[in-house]
4 protein chains.
Amino acid sequence: MGRKKALTERDIFDVTEEILKEEGLQGVHFKKVADRLDVGRSTLYEYFENKDDLLLAYMKRLMDDMNQKVENIPASLPANEKLYKLLLILLEHTQLHQIDRMIRDLQSSDKHAAMFYKEELDVDLMRTYNLMKRWIEAAKEQGAWKQSIDSGLLGDIIFHSILFPNREKMGVESMARQLFEIIENGMTNHDSSPS
Amino acid sequence: MGRKKALTERDIFDVTEEILKEEGLQGVHFKKVADRLDVGRSTLYEYFENKDDLLLAYMKRLMDDMNQKVENIPASLPANEKLYKLLLILLEHTQLHQIDRMIRDLQSSDKHAAMFYKEELDVDLMRTYNLMKRWIEAAKEQGAWKQSIDSGLLGDIIFHSILFPNREKMGVESMARQLFEIIENGMTNHDSSPS
Amino acid sequence: MGRKKALTERDIFDVTEEILKEEGLQGVHFKKVADRLDVGRSTLYEYFENKDDLLLAYMKRLMDDMNQKVENIPASLPANEKLYKLLLILLEHTQLHQIDRMIRDLQSSDKHAAMFYKEELDVDLMRTYNLMKRWIEAAKEQGAWKQSIDSGLLGDIIFHSILFPNREKMGVESMARQLFEIIENGMTNHDSSPS
Amino acid sequence: MGRKKALTERDIFDVTEEILKEEGLQGVHFKKVADRLDVGRSTLYEYFENKDDLLLAYMKRLMDDMNQKVENIPASLPANEKLYKLLLILLEHTQLHQIDRMIRDLQSSDKHAAMFYKEELDVDLMRTYNLMKRWIEAAKEQGAWKQSIDSGLLGDIIFHSILFPNREKMGVESMARQLFEIIENGMTNHDSSPS
DNA sequence: TATGAATGAGTGTTCATTCAT
DNA sequence: GATGAATGAACACTCATTCAT
């Protein structure tokens, strides 16, 4: 009873995402996933070889999703505008920040499928990371941005902003705008009028 | 059977720190700690009532360490310079970022000692956080910084910078300097000479 | 790995009862229960959330069993005859005397299922206890029994008789009869003929 | 600090008794005993070979205490009066009821000292039990009490009365008096006046 | 496909006990 | 005598994983 609609990978991913958002990586147990889907625990093994496999596949899909959006950013835009678009996309895929931790936690495992995804994920993640870095460097070379700032550092600010607790309070749009205001112009007040 | 050379709380804290840095909160198991110290698992219970107790005591010590340094920042400095000093201190205590997660994970437990530390930690953490926010607001009121940027967002940048992977590559000093350059003046290049 | 013949709650209850009778509450370890059932320890957790849950569920079932029999005692009987029937029923459910201790020992735990059963058990136990007391008082008010004897004391005699080691030697029927002979008429010999 | 008065067996027995009364057999841990005495845990092993040894020695002392009082009951008294005195003594040594359980729990242990005490205790307990039975049988033979009631059953009532929760409410004297009223004359009301 | 049933390795925790000093 | 330090066996409990049906 309850279910009986034929389970799909989609369903499993959705529940995984749900738990991931509510309780983080540690909260994702097969028991919990199965319970929420109203399915036997062992059924999940028909879809994924093991837990890491599920998690990695989920992340891979999320990553692919995101990459597609990133690829849609018009190449013609100035570098800093491209970076702004990238930031917006990142802020809509906050689960991504767990990839890092996940890849680290998995170091011991050596199941085939998992290893494959892990590699792929790593590659994808680095590709986006490097893309971001290239754009930063482009902005520098165009003379728009300062050479004196390490590109990696700026990348870190952008990438780690998905972790900021204030995102919830401010909303994605507003946060992105203000963060970019800082990145581009800094906090210093050039207004002549005293506060 | 009482053969070893005398374990100290220090020793346990050191190993805890080691593991915390290598594998994060989830990696800290009493078995692992005990193994690295070459002691029996139960021996640790002579020093700490339970795992939470150890973790919280460690964090508390770290926090106290940090707070002492924060208190030594001269009150006479301008707000932005105080924030710079604060950033430097934060970057030397990167394990701090786990306090937040830890406090959240511990919500279910109710062991006496743990609860006491938890409360204290929470208070300490908030105090530092609020101090940071007050300084940011001071800089705004003095007209030095823009009112248009949310103070919490800036706080997040500063606080989360302890997570940046590039810290290792750049070194604390250099990273702090560059991060502050961005925060104060932004990336925009006002140089007239094209690159 | 799913080889065994299918374990039922019944099986677990039976073994629990066995151990309870042989070694008392303290003797009930999941390891022992599992071993006697020739199952892995963790298998038991598929049937009961935790140890308290098992114990309480067992007791609840026992109590329900007993209460049903108690309710079948005809209300029309004189109070002392009702008490006699009650005594007979009690003597057939000797494990009951551990409920009291168990409820006390469990005070620290707060697992959901356990708490629910605990409350229920407590209510059931008190209901029977109070029923017994009411019947005793009825016998007094009808003038059949002495007002000078504390009802609680008499209740204790009846309730604690399930602990008497001699029950095994004498058999339930015989013991109940003799115990009631004492309760009603006392030991004093009113026979005129000397032994 | 604190202690330093020279520890005596007495001190240990006193604390043991304290815990035994407060928390029962399960509550007696060497750690707790040592803590209350403000002494190192290992110090206790200078006085008792192990935990069972302590417990049994404590019980042995208690038993000896009691036996001495029992032996002071004048042989010249009628059997039922002797039994009444015995009941009074029993009610003042309620910890005794744990001997039974303890002896059962110890079945596995085979430490020398413990075994010795165990045997002795068993003997002492049986001696008192048998004494009680002889008195009961004497009362029967003198024609004062009914032959039809099993002596063991009556013994059980007397012996188990130390467990009655109502003892606290009624007080030892009052409970003993009323219990004996039941035992001798029963509950039946022979008053001519209706209630 | 799906699942019910069972499991084993690992984790936190307790406690009696040992031993060098 | 006394103790500080350390330990191992036992227990409750969790969770990913397996397998016959």
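Visitor: How many residues does the contact take from chain B and from chain A?
Guide: This is a predicted model, to start with. In it, chain B puts 39 residues into the contact and chain A puts in 38 residues.

Visitor: And how much do chain B and chain A bury between them?
Guide: About 3,700 Å². Carbon and sulfur atoms hold 58% of that area.

Visitor: Which three residues supply more than any other three of the area chain B buries against chain A?
Guide: B:Lys146, B:Leu153 and B:Met187. They supply 20% of the area that chain B buries there.

Visitor: Let's switch to charges. How many salt bridges are there between chain B and chain A?
Guide: The count is 2. B:Glu181 forms a salt bridge with A:Lys146. Their closest N and O atoms are 2.6 Å apart.

Visitor: How many residue pairs are in polar contact across that interface?
Guide: Between chain B and chain A, 23 residue pairs, with both residues at pLDDT 80 or more.

Visitor: Which helices of chain B each supply at least two residues to the side that touches chain A?
Guide: Helix 6 (112-141), helix 7 (151-160), helix 8 (166-170) and helix 9 (172-185). Helix 9 of chain B gives the most, with 8 residues.

Visitor: Now chain D and chain C. How many residues of each are in contact?
Guide: 38 residues of chain D meet 38 residues of chain C. The area buried between them is about 3,700 Å², with 58% from carbon and sulfur atoms.

Visitor: Which residues of chain D lose the most area to chain C?
Guide: D:Lys146, D:Leu153 and D:Met187, together 20% of what that side buries.

Visitor: How many salt bridges lie across the interface of chain D and chain C?
Guide: There are 2 salt bridges. In one of these, the side chains of C:Lys146 and D:Glu181 meet at 2.6 Å, N to O. Polar contacts link 22 residue pairs across this interface, both residues at pLDDT 80 or more.

Visitor: Which helix of chain D gives the most to the side that touches chain C?
Guide: Helix 10 of chain D, with 8 residues. By class, the side of chain D touching chain C has 16 nonpolar, 12 polar and 10 charged residues.

Conventions
Residues numbered from 1 in each chain as written. Chains lettered and ligands numbered in written order. Predicted model: local features only at pLDDT ≥ 70, side-chain atom pairs only at ≥ 80, totals over all residues. Heavy atoms only, no water. Contact = heavy atoms within 4.5 Å. Buried area = accessible area lost by both parts, 1.4 Å probe. Salt bridge = Lys/Arg side-chain N within 4 Å of Asp/Glu carboxyl O. Polar contact = N/O pair within 3.5 Å; in protein donor to acceptor, adjacent residues only side chain to side chain. Helix = DSSP H or I, 4+ residues; strand = E, 2+ residues; numbered from the N terminus. Nonpolar A, V, L, I, M, F, W, Y, C, P; charged D, E, K, R; others polar.
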